[in-house]
Amino acid sequence: MQPKIRSIGILTSGGDAPGLNAVIRSVVKTAIIQYGWDVFGIVDGFEGLVGEPRIKPLTLDSVSGLLPRGGSVLGCTNRGHFKLDPASEPGPITAFQQAAATIARLELEAVIMVGGDGSHRIARELIRLGVPLVGVPKTIDNDLAGTDSTFGFDTAVSFATEAIDRLHTTAESHGRVMVVEVMGRDAGWIALYGGLAGGADVILIPEIPYVMEKAAAKIVARVEAGKRFSIVVTAEGALPFGSVSGAPDAFGGRTGAIRRTVNVAHDVAAELEEMTGRESRAVVLGHLQRGGSPTASDRVLATSYGAAAVKAVADGQMGHMVAWCAGRIELVPIGDGVSTARLVPADHPLIATARGLGISFAGVSD
Ligand code: F6P
């Protein structure tokens, strides 16, 4: 049955990603122009529903100019009050119960939540408490299960590619090994796409534990072939072969197998310098990948997701996440599947393409 909707809320949860503002704009414009609803922005993600509610009305004027803007005008919270481990919830009323009660009190007939895996786990609990919620997938890592694409990824890959292009020229002048670290805690999508687009010689991803001697051998082979420089792209979550795999954290995700005191790029650069005798430098791209204006492709995806989320609300499809599946937008239930990481499979065609081009993943079988 189609619900009678007058007011909806929207919030951006977890870490930010380029394209969040494009989703907000798309939701507000579609909800107002197509359906005539009121839209309220919930500030700082789910945190805006704990204690005194922090909300603001969103109008066509307030979303004007948002399409190219990075970040989120509503604010984001990565680690807040919502603990999925009940034992760690303070007080008799949990943050989940508070949020559910606040949404009812504000008479929001639906909430559109833009977030990644952790946020969808929070959303799943709220849905269990009766909150009418539709999810929009977001993460620059592109590792959310249930969807082929998340906005922010293309922007991150474009930035990484430009950085690798720039590092090529300085690496070549000095005959150095440049080790570039990109984001990707659990999944190596940014490293794989950025490495391919930037012409890396070695790509290290969490899904293929690396053997440093293999990476060193690739660099030495290049030197012997007359190439004085090499480019290594590593995901932040890349791990040496034989290290322990990550334990599940309170949200059911991986904490990361080893807690590093330095970024992986620094370890890799130091080891490669020792093994190859080639001067090496580490560059960590970090949050630069999450900042700035979204690419055209991310703007289109974010806009499509926002409009589809509003339609899902109008159709009474609460409890679903909009998803990009085989070239079109679908709705998938916010269940267990949505909250697990979508890793790079060993038989992914781009892995074979890269290997065919002589790129090494420094894995046991490389
Ligand atoms: O999940 C997105 C992501 O950018 C990861 O690639 C990265 O490990 C993490 O967020 C960084 O989170 P924070 O901004 O909290 O340091």
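E330 is partly exposed, with a relative accessible area of 34% (between the limits for buried, under 20%, and exposed, over 50%, with a 1.4 Å probe and protein chains only), and its side chain meets that of R328 in a salt bridge, a term for a side-chain nitrogen of Lys or Arg within 4 Å of a carboxyl oxygen of Asp or Glu. R328 itself is exposed, at 54%.

The model is predicted, so that local features need pLDDT of at least 70 and side-chain atom pairs count only at pLDDT 80 or more, while totals for chains, interfaces and linings use all residues. Residues are numbered from 1 along each chain as its sequence is written, and side-chain values use heavy atoms, without hydrogens and water.

The whole structure holds 12 salt bridges, among them the following.

| Pair | N to O distance |
|---|---|
| R176 and E279 | 3.1 Å |
| E330 and R328 | 3.5 Å |
| R355 and D366 | 3.0 Å |

R355 belongs to helix 9 (residues 349-356) and D366 to the segment after helix 9, so the pair ties together parts that are 11 residues apart in sequence; helices here are DSSP runs (H or I, at least four residues) and strands likewise (E, at least two), numbered from the N terminus. R355 is partly exposed at 34% relative accessible area, and D366 is also partly exposed, at 29%.
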